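Morning, everyone. Please bring up the model on your screens, and we'll walk through it together.

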Amino acid sequence: MRIRIGVVVFAVVLLIAAFISNIPSEAETESACRRALDNTSTWTVRPDICRDVSAETYRTFLLMYDLREEGLD
């Protein structure tokens with residue numbers, strides 16, 4: 001009986017660890033957002049990956065994208 005409980009607890013811990021390891025970090029999310037920006041991205045029309053980025057950070061990414069497109073980077 002103890003072995004079954006131990007196996008179940010171990011399996012639950014492994015499932016939780018697998019779930020947590022698949023959550024992208026803030027830096028990964030911001031990097032993906034920067035790559036997803038294009039000429040259709042606006043303040044109100046965000047790429048889906050950018051939904052989790054703060055408004056201030058997204059605005060900064062938009063400004064950086066516009067400057068890069070104008071050749072002013």
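Let's begin with a term. A disulfide here is a pair of cysteine sulfur atoms within 2.5 Å. Keep in mind that this is a predicted model.

So, how many disulfides does the structure hold? It holds 1. The partners are Cys-33 and Cys-50, with 2.0 Å from S to S. That falls within the 2.5 Å cut-off. Look at where the two ends sit. Cys-33 belongs to helix α2, residues 26-36, while Cys-50 is in the loop between α2 and α3, so the link ties together parts that are 17 residues apart in sequence. The link of Cys-33 and Cys-50 is right-handed, with 110 degrees about the S-S bond. Are these two cysteines buried or exposed? Cys-33 is buried, and Cys-50 is buried too.

Now step back to the whole protein. It has 3 helices and 0 strands. Read from the N terminus, the order is α-α-α.

Next, the overall shape. The C-alpha trace spans about 70 × 20 × 15 Å along its principal axes. The radius of gyration is 20 Å. Buried residues come to 19% of the 73. The protein exposes about 6100 Å², and 61% of that comes from carbon and sulfur atoms.

What about contacts along the chain? Take those between residues at least 6 apart in sequence. Of these, 31% join residues at least 24 apart.

On to helix α1. It covers residues 2-21, which makes 20 residues.

Last stop, charges. A search of the whole structure finds 1 salt bridge. It pairs the side chains of Arg-51 and Asp-48, at 3.9 Å from N to O. The cut-off is 4 Å, so the pair counts. Asp-48 has a relative accessible area of 65%, which makes it exposed. Arg-51 is at 48%, so it counts as partly exposed, since exposed means over 50%.

That's the tour.

Conventions: Residues numbered from 1 in each chain as written. Predicted model: local features only at pLDDT ≥ 70, side-chain atom pairs only at ≥ 80, totals over all residues. Heavy atoms only, no water. Helix = DSSP H or I, 4+ residues; strand = E, 2+ residues; numbered from the N terminus. Expected span 1.5 Å × (residues − 1). Buried < 20%, exposed > 50% of the residue type's maximum accessible area, 1.4 Å probe, protein only. Rg over C-alpha atoms; globule rule 2.2 N^0.38 Å. Contact = heavy atoms within 4.5 Å. Areas by Shrake-Rupley, 256 points an atom, 1.4 Å probe, with all protein chains shown as cover.
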